Amino acid sequence: MDIFNDYSLQKLNTFGLNVTAKHFVELSSVEQIAELIKSNVFQNEDHLIIGDGSNILFTKDFNGLVIKANITGIHVVKEDKNSFFVKAGAGVEWQDLVMSCVKANFGGIENLSLIPGTVGAAPIQNIGAYGVELKNSMEALEAYDLQNGGKRYFLNRECNFGYRDSIFKNELKDKFIITNVVFRLSKIPTLNTEYGKIQEVLNTFEKKDPTIQDVSNAIVKIRQEKLPDPKKIGNAGSFFKNPIVPYELLNALKKSFPDMPSFDQPENYVKIPAAWLIDKCNFKGMTYNGAAVHSDQPLVLINKENANGQDIVHLSQLIQQKIKNEFGILLETEVRII
Ligand SMILES: Cc1cc2nc3c(=O)[nH]c(=O)nc-3n(C[C@H](O)[C@H](O)[C@H](O)COP(=O)(O)OP(=O)(O)OC[C@H]3O[C@@H](n4cnc5c(N)ncnc54)[C@H](O)[C@@H]3O)c2cc1C
């Protein structure tokens with residue numbers, strides 16, 4: 001286990017920001033985690049766990065220890081009449097897990113195709129896309145307790161999953177390293193094609209009986225057309241969460257904005273697409289220093305030209321302020337700002 005000093009994080013954040021960590025360590029086993037937490041550097045420094053940095057915005061160098069959990073492996077650990085139970089290490093690339101499950105015809109996570117990042121980070125914000133969330137197929141996860149030492153298992157219901165939310169963003173924030181995640185995947189997959197343009201793109205494939213591989217291909221196609229590739233242009237996907245507001249507020253707003261879209265939520269709440277709000281305030285393409293609002297996807301902030309983290313935060317605050325003034329809605333960031 002090597003601990004590096006003044007380690008560049010430029011390749012470990014998809015905004016491509018040129019920041020460093022005072023210390024950096026990559027761990028490939030639970031034993032190494034146990035060893036790390038006894039070390040002086042862990043005991044004396046702040047720490048941050050990182051995957052691929054596709055949901056993190058650094059506003060400055062990290063003055064502490066950055067820990068990358070790089071436990072690998074994808075295995076079927078159990079099966080019953082209807083399901084395969086697949087265990088994947090925290091360091092596995094999410095898309096590699098999706099592709100191997102799709103190839104084996106294990107159904108459940110195909111709608112989450114092409115989401116960047118690692119398996120270990122996926123439960124943190126309960127990743128979601130195209131009508132599916134991680135919580136729909138996650139059985140349990142294994143984690144290591146950084147405060148008290150020792151392994152702990154969390155069942156799905158113990159993770160308090162919500163919309164882009166979990167216990168690991170709240171009371172257990174930075175307290176556990178997720179080491180492995182177990183998924184319950186269907187032996188007889190049912191296709192989930194109602195959301196967005198999936199069905200439309202599937203139709204163009206002209207397949208009589210589409211499979212989860214076709215659904216995955218359709219989603220990859222849609223995402224590649226829609227979202228900027230972080231390898232070419234720095235970004236972290238959706239910068240803000242879609243706000244969930246009381247139905248009464250929507251009704252009041254509809255008097256001034258009759259075309260405001262919304263999606264019903266439990267208990268008289270509605271979700272309003274943040275992209276619509278941002279677009280309505282004419283932010284598409286707006287720049288601040290090197291930071292910009294993507295000109296097609298206003299929910300995505302980009303590092304257009306050598307922006308630093310502060311520039312991106314400043315732009316995000318301009319958006320939040322305007323949306324608050326215009327609609328009385330506070331946009332929460334989905335990206336973790338450090
Ligand atoms: C182009 C693009 C598109 C995206 N599309 C989507 C989308 O459709 N849906 C969606 O939900 N997200 C999306 N995202 C966001 C991102 O892909 C996810 O949040 C992903 O799960 C982050 O993985 P990561 O490994 O990069 O985590 P990081 O960004 O490195 O970390 C994210 C958080 O998880 C914590 N963390 C990381 N690993 C561990 C671990 N092993 N144990 C404990 N804590 C850990 C970190 O401390 C941090 O708080 C997108 C991002 C980009 C760049």
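## Basis of the model

Residues are numbered from 1 along each chain, following the sequence as it is written. Because the model is predicted, local features need a pLDDT of at least 70 and side-chain atom pairs count only at pLDDT 80 or more, while totals for chains, interfaces and linings use all residues.

## Domains

The protein chain is divided into domain 1 (3–69), domain 2 (74–226) and domain 3 (234–337), with bounds that come from an automatic or database domain assignment. The centres of domain 1 and domain 3, taken over C-alpha atoms, are separated by 30 Å.

Between these two domains, 11 residues of domain 1 are in contact with 13 residues of domain 3, where contact requires that the C-beta atoms of two residues, placed from the backbone, lie within 7 Å. On the side of domain 1 that touches domain 3, the residues divide into five nonpolar, five polar and one charged; here Ala, Val, Leu, Ile, Met, Phe, Trp, Tyr, Cys and Pro count as nonpolar, Asp, Glu, Lys and Arg as charged, and the others, Gly among them, as polar.

## The shell around the ligand

There are 32 residues around the ligand, of which Gly51, Gly117, Gly120, Ala121 and Gly237 come nearest; a residue is near a molecule if its C-beta atom, placed from the backbone, lies within 6 Å of it. The shell divides into 18 nonpolar, 12 polar and two charged residues.

Strand E3 (47–50), strand E8 (128–129), strand E12 (176–186) and strand E13 each supply at least two residues of this shell, strands being DSSP runs (E, at least two residues) and helices likewise (H or I, at least four), numbered from the N terminus.

## An open antiparallel sheet

Strand E13 also belongs to an open sheet of four strands, in the order E13-E19-E18-E17, with antiparallel pairing; two strands pair if DSSP finds at least two bridges between them. Strand E13 (234–238) and strand E17 (287–288) are the edge strands, each pairing on one side only.

Strand E18 (residues 291–293) and strand E19 (residues 300–303) run antiparallel and are joined by three bridges, and the bridge partner of Ala291 in E19 is Asn303.

## Two residues with positive phi

Most residues other than glycine have a negative phi. Glu267, in the loop between strand E15 (263–265) and strand E16 (269–271), has a positive phi near 55°, and Glu267 is exposed, with 6 other C-beta atoms within 10 Å. A residue counts as exposed if 12 or fewer other C-beta atoms, placed from the backbone, lie within 10 Å of its own, as buried if 20 or more do, and as partly exposed in between.

Asn282, in the loop between helix H7 (274–280) and strand E17, has a positive phi near 60°; Asn282 is exposed because 11 other C-beta atoms lie within 10 Å.
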